[in-house]
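Dear colleague,

Please find below the structure that I am handing over to you. My findings follow it, and I would be grateful if you read them with the structure open.

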Amino acid sequence: MYGPAVSTETPTRREIAEAFIPNSPHAVQLGIRLASIGTDEAVLELPFKPELATIGEVVHGGAIAALIDTAAMVAAWAIDEVPENPAGSTVALSVNFASAASGVDLRAEARVLKRGGRLSFCDVAVTDPEGTVVAHGIATYRFG
């Protein structure tokens, strides 16, 4: 047999999540990167670029909310099980903004607080490079 071997194994939820970020047009457009992933947790980064600003260099709240939503989704998928159905969606998202982020890269640390049969309840903290909390979010993610 010539060429690279093709895997016939079905990917785990974690593998699907790892592949999602670099292949999601929205995440790519925003510049979101996956920094790390562990069981029930993920760290994503949002590098600053002028297109993310609402005015001056202040990062738009919508970009921060998208970072929170994406980080919660990745944390929800961060488990080594093969899904019956590789589909899911955020069913609830609440964001509280604590301080402005002006011209800085952001980091979202997400973790699953409780995992049920089809629902995962996630907590996400967004900080600037100095560790100042910029926003906090909670999300409910549904599989299938």
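A residue is called buried when its relative accessible area is under 20%, exposed when that area is over 50%, and partly exposed in between. Please keep in mind throughout that this is a predicted model.

I begin with helix α1, which covers residues 13-23. Which residues of α1 are buried? They are Arg13, Arg14, Ala17 and Ile21. Viewed down the axis of α1, these buried residues fall within an arc of 100°, so they line one face of the helix. What do the buried residues of α1 pack against? Their partners are two helices, α2 (25-30) and α3 (61-77), together with the strands β1 (33-38), β2 (41-46) and β8 (133-143).

Strand β8 also deserves attention for its pairing. Strand β5 (residues 88-97) runs antiparallel to β8, and 9 bridges join the two. In this pair, glycine 88 stands opposite phenylalanine 143 of β8. Strand β7 (residues 119-127) is likewise antiparallel to β8 and is joined to it by 9 bridges. Here threonine 127 stands opposite valine 133 of β8. β7 and β8 form a hairpin, with 5 residues between them. In the turn of this hairpin, glycine 131 has a positive phi of about 90°.

A positive phi is also found at aspartate 40, a residue other than glycine, where the value is near 65°. Where is aspartate 40 placed? It is in the loop between β1 and β2. Aspartate 40 counts as partly exposed because its relative accessibility is 23%, a value between the limits of 20% and 50%.

Leaving aside residues up to four places away in sequence, alanine 87 touches Trp77, Arg142, Phe143 and Gly144. Finally, alanine 87 and valine 28 are 59 residues apart along the chain, and their C-alpha atoms are separated by 20 Å.

With kind regards

Methods
Residues numbered from 1 in each chain as written. Predicted model: local features only at pLDDT ≥ 70, side-chain atom pairs only at ≥ 80, totals over all residues. Heavy atoms only, no water. Buried < 20%, exposed > 50% of the residue type's maximum accessible area, 1.4 Å probe, protein only. Helix = DSSP H or I, 4+ residues; strand = E, 2+ residues; numbered from the N terminus. Arc of directions from axis to C-beta. Contact = heavy atoms within 4.5 Å. Pairing = 2+ DSSP bridges.
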